[in-house]
Amino acid sequence: MKIAVLPGDGIGTEIIAEAVKVLKALDLKFELETAPVGGAAYEAAGHPLPESTLKLAKEADAILFGAVGDWKYDKLERALRPEQAILGLRKHLGLFANFRPAICYEQLTHASSLKPELVSGLDILIVRELTGDIYFGQPRGKRTATDGAFPGAEEAFDTMRYTRPEIERIAHVAFQAARKRNKKVTSVDKANVLETFQFWKDIVTEIGQQYPDVKLDHMYVDNAAMQLVKAPKSFDVIVTGNMFGDILSDEASMLTGSIGMLPSASLNSKNQGLYEPSHGSAPDIAGKGVANPLATILSAAMMLRFSLNQEAAAQRIEAAVQKVLAQGLRTPDIHSAGTTQVGTAQMGDAVVKALA
Ligand code: NAD
């Protein structure tokens with residue numbers, strides 16, 4: 001088994017170091033190979049996703065990814081910005097299905113910005129389509145407006161689009177995931193305004209007929225954003241497009257206490273996957289040794305489960321994370337009165353110790 005390790009920028013290097021520590025402590029046989037990505041790769045090779053990094057990612061059984069981006073690259077042309085690396089990996093590897101579980105650990109109910117009774121026992125799964133929608137749709141760019149409120153003015157535009165097979169395959173992924181959980185799918189759209197999402201809704205409904213044991217309902221994205229903070233436990237699996245999923249999964253992260261707790265998996269049709277925390281490179285705390293590594297460590301557990309067929313090892317990591325939380329250890333983002341504040345490396349060490 002070969003794992004490509006791509007730490008990236010900012011806190012990416014700090015949190016990946018902890019996840020690698022945990023993986024090495026498992027005593028499993030795999031090869032870990034590290035390569036630069038994002039701003040680090042731009043500095044080293046002049047491109048955020050160099051050919052050598054892409055080749056390693058393609059050959060690996062799984063990719064463990066940190067985070068990319070830094071404000072200092074905001075003035076670079078778009079194709080050279082660090083964020084293009086993650087978009088490029090998703091596209092080149094066909095990673096269309098993004099799983100973002102939002103689980104509120106019992107010990108962290110007080111770290112959530114919502115009342116404990118709203119989040120206690122929360123366990124929802126957001127299935128986000130990852131390679132289509134307005135983030136990839138062509139054409140896009142800048143031009144002179146020929147109509148609208150200001151003809152002749154400079155304008156920018158993007159294209160929202162989905163093909164039938166793209167919607168069908170993500171719908172299947174969501175229904176199959178729901179079958180292993182509480183058998184409920186909420187498809188989130190904006191069918192009242194957007195053609196693309198009326199099409200989405202119709203196709204998800206069609207696919208739903210193949211899963212009579214799973215309850216399907218539909219919700220507009222604005223209402224879904226509201227329900228996520230009003231009654232988050234009313235959801236089981238949420239399936240939605242790339243942009244809505246991006247926004248809703250960050251919202252869901254706050255239910256769990258911190259974005260530093262939220263892992264993710266992005267899979268292609270061969271079960272090859274990229275595993276990363278849901279957060280970014282957090283330049284505001286980079287280099288301070290305070291980032292929460294648990295989202296990345298839990299992403300490594302998802303990697304063992306989905307791409308490397310090591311369910312027992314995945315469960316060992318998840319149990320170890322529960323144990324350190326029960327011991328009262330907290331990085332600053334989840335710290336509250338009566339708990340012990342630790343840094344990134346101390347948290348990683350504690351998880352390794354708890355594996356025993
Ligand atoms: P961010 O997720 O990096 O940070 C948002 C806030 O959450 C910050 O206050 C940060 O300190 C905090 N935070 C994030 N991760 C944390 C952790 N593990 N522990 C404790 N606190 C944590 O989002 P942003 O500030 O909007 O973006 C920063 C950079 O990251 C940008 O360049 C952006 O493009 C990039 N980004 C990259 C990815 C990715 O690599 N997949 C995803 C999102 C954003």
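The model is predicted, so local features are kept at pLDDT of at least 70 and side-chain atom pairs at pLDDT 80 or more, while totals for chains, interfaces and linings use all residues. Residues are numbered from 1 along each chain as its sequence is written, and side-chain values use heavy atoms, with hydrogens and water left out.

Now look at the polar contacts, meaning pairs of N or O atoms within 3.5 Å. The side chain of Glu83 has an N or O atom 2.5 Å from an oxygen atom of the ligand. A nitrogen atom of the ligand sits 3.1 Å from a side-chain N or O atom of Glu276, and His279 likewise has a side-chain N or O atom 3.1 Å from a ligand nitrogen. On its own the ligand has 810 Å² of accessible area, and the protein covers 70% of that (Shrake-Rupley method, 1.4 Å probe).

Next, the pockets. Rolling a probe the size of a water molecule over the atoms shows where empty space is left. On a 1 Å grid over the protein atoms alone, a pocket is an open set of points where a 1.4 Å probe fits, with protein on both sides within 12 Å along at least five of seven lines; lining residues have an atom within 4 Å of a point. The largest pocket has a volume of about 1000 Å³, a volume being the space filled by probe spheres set on the points, which are joined across faces, edges and corners. Of its 38 lining residues, Glu83, Gln84, Ile86, Leu87 and Arg90 are the closest to its centre. Helix 4 (83–93) is one of the elements that supply at least two lining residues, and its 8 residues are the largest share. (Helices are DSSP runs of H or I with at least four residues, strands are E runs with at least two, numbered from the N terminus.) The lining comprises 15 nonpolar, 11 polar and 12 charged residues.

The second largest pocket, about 780 Å³ in volume, has 28 lining residues, with Phe99, Leu125, Met302, Arg305 and Phe306 nearest its centre. Strand 4 gives the most, 5 residues, and the lining divides into 17 nonpolar, 6 polar and 5 charged. It draws at least three residues from each of domain 1 (1–96 + 268–356) and domain 2 (99–133 + 160–261).

Finally, two backbone details. The peptide bond from Gln138 to Pro139 is cis, with omega near 0°, and Pro139 is in the loop between strand 5 and strand 6 (141–144). Asp27 is not a glycine, yet has a positive phi of about 65°; look for Asp27 in the loop between helix 1 (12–24) and strand 2 (31–34).

Conventions. Polar contact = N/O pair within 3.5 Å; in protein donor to acceptor, adjacent residues only side chain to side chain. Nonpolar A, V, L, I, M, F, W, Y, C, P; charged D, E, K, R; others polar. Domains from an automatic or database assignment.
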